[in-house]
Amino acid sequence: MVSADFSVNSGAVFTEAIGNDRLDLLTDYPFTRLSNLLAPITPRANVAPVVLTVGEPQHTPPAIIEETLRASASGWNKYPPVGGTPEFRAATGDWLNRRYDLPAGLLQADSSILPLSGTREALFMLALLAVPTQKAGRQPAVLMPNPFYAPYEGAAVMAGAEPVFLSATRETGFLPDLDALTPELLERTALFYLCTPANPQGAAATPAYLAKAIGLARQYGFVLAVDECYAEIWLDAPPAGALQVAAGLPYQDGKPWSNLLVFHSLSKRSSAAGLRSGFVAGDPALIGRFSRLRSYGCAGMPLPILAASTALWRDEAHVEENRAAYRAKFAAAEAELGGRYGYRRPAGGFFLWLEVGNGEEAAKRLWAEGAVRVLPGAYLSRSNPGEPNPGEAFIRVALVQDTDTVAQACASIVRILG
């Protein structure tokens, strides 16, 4: 909270708090917390630092990005439309149809897809769209897996909802237990964030799981937001998608995507985090309202970036190369870890979720003794009353560096942590 002191002629001093006090309900962002944790520690001088904290792919981006940006440079002096271009919507719609084998003609790209300047911004803004003042006469709830992507919590809090953290542990298959949700909670739920493959554990929801989640959203009238940003980084089989599952369910009022939005990004799929390009697809009514909201608060994606994004969604060769590189990294990590720290081969994503006893202490030791920078799991999770923090014993390791560096870092983890 920021305070300002105002002196007046009488000599009296008035102190007035300014700002949105909801912001004070949030902790520092995970990477700010990590910087504060490690700031007093100087790693060994003869070791090159290895950063495995941020999910920022280090692969060389496809050449098609630079080529298309140059060819589309005349678009930099134009304000871009919030809805993007017909070419972008067609490319992403075609990709969804191919990737998820959707019935022909079911997805109407012009009404069901909206470009995004990165999905983080849109996942946050979604709560402003989905959360009413009250739900079932009470404070609305926003559900999210625990551990979770930090913007989910920030969005819930800043929209005036109660964030509800659903444990996603080994016992629940690293996804929230949908059967444990009570009618009382579901009745006041406005929004449910679900990430598959999960960040950080890499678990992928089955079609049956997604069908149940979609059914609950429709039965209780909330928005199901399925974050599928890691869907193209998989090891053995492509994970199911929510649109794919919804297409096989009975339609609500003749609408296949009712209550459902899915989010996709080029940051991971195409190693293009700096492009800040993604899209949201699903319920046309929600997409229409989302477009209206974004018209007030967001700039559209620049036309050259829309053109580069269109080219990337139409190309699969670079995605296959990207996927092969991650498979090699997981193979190298597996060879070094040897099954230690509860390692399990994830269905997707590029994170290791390792049980090390105390994540903060492990992060400090790894930085001090090996210059290996990892993220304590507790920074991605919260404690519920009567329950331990499900991330406290873990560290998240992002396999974003080259294969040799990943292997060396995993060897350092074993050497230092034992």
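User: Does Thr196 count as buried or exposed, and at what relative accessibility?

Analyst: This is a predicted model, so every value here is computed from predicted coordinates. Thr196 counts as buried, at 1% relative accessibility.

User: Where is the place of Thr196?

Analyst: Thr196 sits in the loop between strand E7 (189–195) and H8. Its side chain reaches the backbone nitrogen of Ala205 at 2.8 Å. Contacts of Thr196 beyond four places in sequence include Ala203, Ala204 and Leu210. Val226, Asp227 and Glu228 are also in contact with Thr196.

User: Now a charged residue. What is the nearest side chain of opposite charge to Arg218, and how far away is it?

Analyst: Start with the general idea. Side chains of opposite charge can pair when their charged atoms come close. For Arg218 the nearest such side chain is Asp283, 7.5 Å away. Arg218 is buried yet has no salt bridge.

User: Which backbone oxygen lies 2.7 Å from a polar atom of the side chain of Arg218?

Analyst: That of Pro256. Arg218 itself lies in helix H8 (residues 207–220). Leaving aside neighbours within four places in sequence, Arg218 contacts several residues, among them Ala246, Leu249, Lys255, Pro256 and Trp257.

User: How many salt bridges does the count come to?

Analyst: The count comes to 19 salt bridges. Take Arg99 and Glu232: their side chains meet at 2.5 Å, N to O. This pair links distant parts of the chain, 133 residues apart. Arg99 is in helix H3 (residues 86–100), and Glu232 is in the loop between E8 and helix H9 (242–247).

User: Are Arg99 and Glu232 buried or exposed?

Analyst: Arg99 is buried, with a relative accessible area of 16%. Glu232 is buried too, at 8%.

User: Which side chain meets Arg382 in a salt bridge?

Analyst: Glu153, at 2.8 Å, N to O. Here the partners are 229 residues apart. Arg382 is in the loop between E13 and E14, while Glu153 is in helix H6 (residues 150–158). Arg382 and Glu153 are both buried.

User: And which side chain does Asp236 meet in a salt bridge?

Analyst: That of Arg345, at 2.9 Å, N to O. Asp236 is exposed, with a relative accessible area of 58%. Arg345 is partly exposed, at 38%.

User: Which residues do salt bridges that share partners join into one network?

Analyst: Arg138, Glu162, Glu184, Glu187 and Arg188.

User: On to strands. Why is strand E9 largely enclosed by the rest of the structure?

Analyst: General idea first. In a regular strand the side chains alternate between the two faces of the sheet. For E9 (residues 260–265), 6 of the 6 residues are buried, so the strand is largely enclosed. Leu260, Val262 and His264 are buried on one side. Leu261, Phe263 and Ser265 are buried on the other.

User: In which sense do E8 and E9 pair?

Analyst: Strand E8 (residues 223–227) and E9 pair in the parallel sense, over 4 bridges. Ala225 stands opposite Leu261 in E9.

User: Which strands form an open sheet, and in what order?

Analyst: The order is E11-E14-E13, with antiparallel pairing. E11 (351–355) and E13 (375–376) stand at the edges, each with a single partner strand, so one side of each has no neighbour in the sheet. E11 joins strand E14 (residues 394–398) through 5 bridges. Leu354 has Ile395 as its bridge partner in E14.

User: Last, the core. How many residues are in the largest nonpolar core, and which touch the most other members?

Analyst: The largest nonpolar core has 92 residues. Those touching the most other members are Leu96, Leu143, Leu224, Leu260, Leu352, Leu354 and Val397. H8 gives the most to this core, with 7 residues. Apart from it lies another core, of 33 residues, including Val82, Leu123, Leu126 and Ile287.

User: What does Leu96 touch?

Analyst: Not counting residues up to four places away in sequence, Leu96 touches Asp101, Leu102, Leu107, Ile113, Leu243, His264, Phe279 and Ala281.

Definitions and conventions. Residues numbered from 1 in each chain as written. Predicted model: local features only at pLDDT ≥ 70, side-chain atom pairs only at ≥ 80, totals over all residues. Heavy atoms only, no water. Helix = DSSP H or I, 4+ residues; strand = E, 2+ residues; numbered from the N terminus. Buried < 20%, exposed > 50% of the residue type's maximum accessible area, 1.4 Å probe, protein only. Lys, Arg positive; Asp, Glu negative; His and termini not counted. Salt bridge = Lys/Arg side-chain N within 4 Å of Asp/Glu carboxyl O. Polar contact = N/O pair within 3.5 Å; in protein donor to acceptor, adjacent residues only side chain to side chain. Contact = heavy atoms within 4.5 Å. Core = buried A, V, L, I, M, F, W, Y, C linked by side-chain atoms within 4.5 Å. Pairing = 2+ DSSP bridges.
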